[in-house]
Amino acid sequence: MSLIPPPFDTELAAVLESFRGVIGPGLTPDDVEDARRGAAVELVDVTLDGAFEAEDRTVPGPRGAPGVSLLLCRPVAAPVPAPLPVLYHVHGGGLVAGTNRAGVTEPLAWARELGAVVVSVEYRLAPEHPHPAPIEDVYAGLVWTAEHAREIGGDPDRIVVAGASAGGGLTAALALLARDRRGPRPLGQVLMCPMLDDRNDSVSSRQMAGRGVWDRSANETAWTALLGDRRGGPDVSPYAAPARATDLSGLPPAFLDVGSAETFRDEVVGYASRIWQAGGEAELHVWPGGCHGFDALAPEAALSRTARAARLGWLRRLLG
């Protein structure tokens, strides 16, 4: 089988070239601290120019663990009679970096358009906190959000969970865990270029080795941080790597998207296919020439605008 990689979209290829030497595809264990420092200095206006009032709140974490930090963003516009939908956001960062500010700008943009509350969760990071610490933090945050939704102006029956990259993988795991524990049932799940499979052996992972912004070597670093020696072995939990799940029935409707020129392409396509095979509902987009995280890298590119419009359109239909 040929391992010639698919081409990048022309606009994205130019952006990637302009960042050559600044953004690379790899991540080694020695790079983790630099990644964390970079995430820590990211400046995000969580009010979106005054459209939201923002609050940091620490809520109970998993049994025996520290509290979980939530960023709560509520619209400042005049209140409406009915409670608002809630967008529960899980940040990316390869499972080793990031805060509840990372990547929250897009959920805030959705919320401004749709009239929704945003709750963004911060979870403990690997390798200091391996599985199941991250997913248990994310689940604890969801439980608090569902129980206190009306307190923050939200509707507990209209919670949509969403995340990108590692956050997308944790979002998929969250839907599985909530189903199996009979916990809060999200209305839907938005999985943007999600990181789903610790085995790291798909055709796309091999095609994209050394290319783009997240390749097979970076993936190995991240999964090893989360799972240690268990990575790629026979006993990995689906709440760590959702692609390991044997039953994808009974899940909330899913929106999944991924680039054609990125490491995660095949695992995302496979996950969507298995949701359909289990009788579930999923909308899948494979963006031609998209690299990992292309819409954050090049937000003004035509492909990025199209992808963001598709996500917002799906949410609009879901929420009515």
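Which residues does UniProt list for "domain: Alpha/beta hydrolase fold-3"? The UniProt record, an unreviewed entry, gives residues 88-294. UniProt positions follow the numbering used here, feature names are shortened, and annotations may be inferred rather than shown by experiment.

The model is predicted: local features need pLDDT of at least 70, side-chain atom pairs count only at pLDDT 80 or more, and totals for chains, interfaces and linings use all residues. Residues are numbered from 1 along each chain as its sequence is written, and side-chain values use heavy atoms, with hydrogens and water left out.

**Exercise 1. Describe the span that UniProt lists.**

Step 1. Helices (H or I, at least four residues) and strands (E, at least two) are DSSP runs, numbered from the N terminus.
Step 2. Residues 88-294 are 34% helix and 17% strand.

**Exercise 2. Find the disulfides, and examine the cysteines.**

Step 1. A disulfide is a pair of cysteine sulfur atoms within 2.5 Å. By this rule the count is zero.
Step 2. For Cys291, the closest cysteine sulfur belongs to Cys193, and the distance of 9.5 Å is too far for a bond.
Step 3. Buried means under 20% relative accessible area, exposed means over 50%, and partly exposed lies in between (1.4 Å probe, protein chains only). Cys291 is buried at 0%, Cys73 is buried at 0%, and Cys193 is buried at 11%.

**Exercise 3. Locate the nonpolar cores.**

Step 1. A nonpolar core is a set of buried Ala, Val, Leu, Ile, Met, Phe, Trp, Tyr and Cys residues joined through side-chain atoms within 4.5 Å. In soluble globular proteins, nonpolar side chains tend to be buried together.
Step 2. The largest core holds 64 residues, and those with the most contacts inside it include Leu70, Val119 and Tyr271. Helix H5 (residues 166-180) supplies the largest share of this core, nine residues.
Step 3. A separate second core of 38 residues includes Met192, Ala307, Trp314 and Leu319.
Step 4. Take Val119 as an example, with contact meaning heavy atoms within 4.5 Å. Leaving out residues up to four places away in sequence, Val119 touches several residues, among them Leu70, Tyr88, His89 and Ile152.

**Exercise 4. Trace the salt bridge between Arg57 and Glu151.**

Step 1. A salt bridge is a side-chain nitrogen of Lys or Arg within 4 Å of a carboxyl oxygen of Asp or Glu. The whole structure has 22 salt bridges.
Step 2. In the bridge between Arg57 and Glu151, the closest N and O atoms are 2.6 Å apart.
Step 3. The pair links distant parts of the chain, 94 residues apart: Arg57 is in strand E1 (residues 52-59), and Glu151 is in the loop between helix H4 (133-147) and strand E5 (154-164).
Step 4. Glu151 is partly exposed, at 46% relative accessible area.
Step 5. Arg57 and Glu151 belong to a network of salt bridges that also links Glu53, Glu55 and Arg74.

**Exercise 5. Follow the charged residues of helix H10.**

Step 1. Arg311 and Asp257 form a salt bridge with an N to O distance of 2.8 Å. Arg311 lies in helix H10 (residues 302-319) and Asp257 in strand E7 (residues 254-259), so the bridge ties together parts 54 residues apart in sequence.
Step 2. Both partners are buried: Arg311 has a relative accessible area of 3%, and Asp257 has 2%.
Step 3. Asp295 forms a salt bridge with Arg308, with the closest N and O atoms 3.2 Å apart. Asp295 is in helix H9 (residues 294-297) and Arg308 is in helix H10, so this pair joins parts 13 residues apart in sequence.
Step 4. Asp295 is buried at 9%, whereas Arg308 is partly exposed at 31%.
Step 5. Glu106, in helix H3 (residues 105-114), is buried at 11%. Apart from neighbours within four places in sequence, Glu106 contacts Met192, Asp295, Arg308 and Arg311.
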